[in-house]
Amino acid sequence: MEIKDPAVKARMEQARKLTDSIFGKKVYIRGIIEFSNCCRKNCNYCGIRRGNTSVVRYQMSPDEIVAKAESNLKQGIKTIVLQSGEDMSYTKEVLVDIIKRIKALDSGCAITLSIGERSEEEYKAFKEAGADRFLMRFEIADRELFKKLHPDDDFDERLAAIKTLKKLGYETGSGFMFGIPGEAPDADDQNIALLKELGVAMVGCGPFIPAEGTPMEGSGIHADIERCLDIYSKIRLAMPNVNIAAATALDAVDKGARKLSLSAGANVVMPNTTPAKYKDNYSIYERKGKLDDNIADAKKLGAELEKLGYTPLWNQRGDSRVK
Ligand code: SF4
């Protein structure tokens with residue numbers, strides 16, 4: 001694909017060069033298990049918001065979750081990402097048990113939680129049980145727009161949660177959406193500045209894509225591929241050592257954008273390993289089920305990456321270099 005804007009092209013080249021100098025041409029692999037699409041919150045763009053009655057809800061049992069983690073480990077995926085809506089029926093005890101059981105299968109694996117806001121006591125218990133990392137996106141640095149999008153949430157509490165996770169010793173990740181209707185012209189700069197201020201170890205960013213059945217349905221995708229790639233480059237240049245995930249949502253903007261993001265500083269690929277019978281119902285944004293890949297696709301992607309000169313790091317945790 002031809003990048004038209006010379007400034008974007010130059011930043012991409014600079015970002016990839018910097019990534020190569022730190023990570024080489026290596027790409028970390030993470031396997032996501034979306035274990036529940038139930039959520040207590042009502043974010044105005046999200047397909048699994050509690051008010052969306054058109055979603056078929058599911059909750060994987062602890063045995064199913066552990067079995068899927070075991071299958072990922074056998075296939076060389078050493079980071080298990082447990083992701084869900086804010087589903088409080090998975091109590092502290094239930095999650096602690098799941099984490100311990102996965103760690104008992106392979107003490108050398110890494111467990112990442114992406115389960116939304118919980119109490120400090122719970123974060124602590126999950127950490128003590130063996131969880132290594134936690135993803136908590138702030139979504140947008142503009143607090144007024146944050147409130148409009150997330151009626152149940154408080155911006156300061158979100159930032160406080162990210163700081164608490166860091167304090168507890170989690171390898172902490174955050175990120176934002178871009179192309180949100182009503183965002184400021186300098187939204188990308190504001191978002192990247194906040195990421196930097198938070199000093200996170202991992203970054204996950206993607207275009208704003210409202211889901212069907214939500215108040216923001218049909219408000220469109222407002223980021224083109226050049227903007228997506230430019231944001232990735234800017235993040236890499238601002239935070240050289242962080243792990244940056246190539247978001248699947250990029251492919252909603254342009255098929256192949258996710259792969260291209262590796263040329264703009266991304267160094268992590270996260271195949272979706274949720275069982276096929278559930279996957280389509282984790283519809284946080286439109287067409288997500290169609291874009292998600294699986295293990296077979298991940299292996300294929302691995303082969304494609306190799307052709308492009310990258311080395312997918314199967315069987316490695318890929319810890320962050322940010323301490
Ligand atoms: S964005 Fe997260 S917290 Fe908000 S409704 Fe969706 S899953 Fe729940």
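Which residue of β11 does I29 stand opposite? In this predicted model, I29 stands opposite V269 in β11, and that pairing belongs to an open sheet of 3 strands with the order β11-β1-β12 and parallel pairing. A further open sheet is formed by 7 strands, again with parallel pairing, while helices α2 and α3 have axes that come within 10 Å, and a ligand is surrounded by residues that include C39, C43 and C46.

**The sheet of 3 strands**

- In the order β11-β1-β12, the edge positions are taken by β11 and β12, each of which pairs on one side only.
- Strand β1, residues 26–29, is joined by 3 bridges to strand β12, residues 311–313, and the two run parallel; within this pairing V27 stands opposite P312 in β12.
- Strand β1 is also joined by 2 bridges to strand β11, residues 268–269, again running parallel, with Y28 standing opposite V268 in β11 and I29 standing opposite V269 in β11.

**The sheet of 7 strands**

- The strands of this open sheet follow the order β2-β3-β4-β5-β6-β8-β10, and their pairing is parallel; its edge strands are β2 (31–36) and β10 (243–244), each pairing on one side only.
- Within the sheet, strand β4 (residues 110–114) and strand β5 (residues 133–135) run parallel and are joined by 2 bridges, and L113 stands opposite F134 in β5.

**The packing of α2 and α3**

- Helix α2 spans residues 62–74 and helix α3 spans residues 92–105, and their axes, which come within 10 Å, cross at roughly 25 degrees; because angles under 35 degrees count as roughly parallel, α2 is roughly parallel to α3.
- The crossing of α2 and α3 is right-handed, and the contact is made by P62, I65, V66, A69, E70 and L73 of α2 together with V94, D97, I98, R101, I102 and L105 of α3.
- By class, the residues of the contact of α2 with α3 comprise 9 nonpolar and 3 charged residues, with no polar residue among them.

**The surroundings of the ligand**

- The residues that surround the ligand are C39, K41, C43, C46, I48, R49, G85, E86, G116 and I284.
- The shell around the ligand divides by class into 5 nonpolar, 2 polar and 3 charged residues, and K41, R49 and E86 are counted as charged, whereas G85 and G116 are counted as polar.

Note on methods. Residues are numbered from 1 along each chain as its sequence is written. This is a predicted model: local features need pLDDT of at least 70, side-chain atom pairs count only at pLDDT 80 or more; totals for chains, interfaces and linings use all residues. Two strands pair if DSSP finds at least two bridges between them. Helices (H or I, at least four residues) and strands (E, at least two) are DSSP runs, numbered from the N terminus. Axes are lines fitted to C-alpha atoms, for helices over the stretch in contact, and angles run from 0 to 180 degrees between N-to-C directions. Angles under 35 degrees count as roughly parallel, over 145 as roughly antiparallel, 65 to 115 as roughly perpendicular and the rest as oblique. A crossing is left-handed if the near helix is turned anticlockwise from the far one by less than a right angle, and right-handed if clockwise. Two residues are in contact if their C-beta atoms, placed from the backbone, lie within 7 Å. A residue is near a molecule or strand if its C-beta atom, placed from the backbone, lies within 6 Å of it.
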